[in-house]
Amino acid sequence: MHSPSPLSLLDLPVRRLTRGDLVSCADLSEGRGWPRDEHRWGLLLSAGTGYGIAEPDGKGLVAACVVTSYGPRLAAVGMLLVAGRHARQGIARRLMRHVMEETGSTPLALYATPEGQRLYTELGFAHVGRTERVLGRFRAEDRPSAVTTRAAAADDLQAMVRLDLPVFGIDRTHIIARLPAFADRLQVAEGNGELTGYAALWPSGDAHVVGPLVARDTATAKALVAALAATTDRLLRADVDARHEELLGWLVERGLEPGSRTAVMTYGIEDLPGDATRRFAPLTIATG
């Protein structure tokens, strides 16, 4: 029996994904050499809208992606993956075009790997920034930070949403409300009785990821990272906005090694909204 031709694959319908597709999505991640990240897929499929193309035999997915909507001002596209055996057959383009039709006039943002940048450029996305991934064993500093941080409490969520709004320029309540259940640790920074930053630590493969990381200044960002790092013996990973050179330099000094770079790209909007000076790291490079 012949396998489907590229043409017939491109004719397969795009359907909405549900949490029932979580294992198939994780299989796609693992098949492309990424961590399975069922934990992250679970968050994305509950907070966003998943789109996928099922294998013709019904076993698994040809491709998948997730759109996290933040209202009419922005939607983030993430986790666009095509099974290795179906790569370079136009399927990613087909899925992206479907997403762009579904989201209509809503501006889009995404984080593109070097392999994906050409496709997104051809679809009309503009390169507006980049993130740098660092990974390694974090070495604590000898002296404690002057910035006060503590574990977040349930009644901090409203203050976190208020802090987040001008930083990201969009209402992310539906993401922030899920952080206590998603993260292994949620830390806040305080100054003069006010919240000045927050950060989450969540599991991915054999590492713990820092993100989001929102802070009044670099000293606050460092204190939050150090506090989170002290709670884990896993490798520490972060995707840091490349404009924050001081934080990146400090993370390397503390034992993390520079890794892959990701392009921040937008469609229908000139740049990401919000205040980049306080936006140190996204939640995941799938949601912004």
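**Group meeting: pockets, cores and a few rings**

Okay, let's start with a space: about 420 Å³ of it lies in the second largest pocket. Before I go on, keep in mind that this is a predicted model. So who sits around that pocket? There are 23 lining residues, and the ones closest to the centre are Phe-138, Glu-141, Lys-222, Ala-226 and Trp-250. Two elements give two or more residues to this lining, helix 9 (218–229) and helix 10 (245–253). Which of the elements gives the most to it? That's helix 9, with seven residues. By class, the lining of this second pocket divides into 13 nonpolar, three polar and seven charged residues.

Is Ala-223 buried or exposed? Its relative accessible area is 7%, and the cut-off for buried is under 20%, so Ala-223 counts as buried. If you skip its neighbours within four places in sequence, Ala-223 is in contact with Ser-145, Val-147 and Thr-149. And here's one to find on the screen: Gln-187 is 36 residues from Ala-223 in sequence, with 9.9 Å between their C-alpha atoms in space.

Now the largest pocket. Its volume is about 1100 Å³. It has 38 lining residues, and closest to its centre you'll find Trp-34, Leu-80, Thr-113, Glu-115 and Gly-116. Quite a list of elements supplies at least two lining residues each: strands 4 (75–82), 5 (108–112), 11 (235–241) and 12 (256–267), along with helix 4 (91–103) and helix 5 (114–122). Helix 5 gives the most here, with seven residues. As for classes, this lining has 18 nonpolar, 12 charged and eight polar residues.

As a bit of background, nonpolar side chains in soluble globular proteins tend to be buried together. In this model, the largest nonpolar core has 29 residues, and the members that touch the most others are Met-160, Leu-179, Phe-182, Tyr-198, Val-214 and Leu-283. Both helices and strands give two or more residues to this core, including helix 3 (38–47), helix 7 (173–176), helix 8 (179–182), strand 8 (185–191), strand 9 (194–204) and strand 10 (207–215). Helix 6 (157–168) is on that list too, and helix 6 gives the most to the core, with five residues.

Let's zoom in on Met-160. What does Met-160 touch, not counting residues up to four places away in sequence? The answer is Ile-176, Leu-179, Leu-186, Val-188, Leu-195 and Tyr-198. Apart from this core lies another one, of 27 residues, and Val-14, Val-67, Leu-119 and Tyr-120 are among them.

How many aromatic pairs does the count come to? Four. One of the pairs is Tyr-120 with Phe-125, where the centres are 5.8 Å apart and the planes make an angle of 65°. Planes over 60 degrees apart count as edge-to-face, so that's the label for Tyr-120 and Phe-125. Both partners are buried, too: Tyr-120 has a relative accessibility of 8%, and Phe-125 has 4%. Bring in Tyr-267, and you get a cluster, with ring pairs linking Tyr-120, Phe-125 and Tyr-267.

Methods: Residues numbered from 1 in each chain as written. Predicted model: local features only at pLDDT ≥ 70, side-chain atom pairs only at ≥ 80, totals over all residues. Heavy atoms only, no water. 1 Å grid on protein atoms, 1.4 Å probe; cavity = no way out; pocket = protein on both sides within 12 Å on 5 of 7 lines; lining within 4 Å. Points joined across faces, edges and corners; volume = space filled by probe spheres on them. Helix = DSSP H or I, 4+ residues; strand = E, 2+ residues; numbered from the N terminus. Nonpolar A, V, L, I, M, F, W, Y, C, P; charged D, E, K, R; others polar. Core = buried A, V, L, I, M, F, W, Y, C linked by side-chain atoms within 4.5 Å. Buried < 20%, exposed > 50% of the residue type's maximum accessible area, 1.4 Å probe, protein only. Contact = heavy atoms within 4.5 Å. Phe/Tyr/Trp six-rings, centres within 6.5 Å; stacked < 30°, edge-to-face > 60°.
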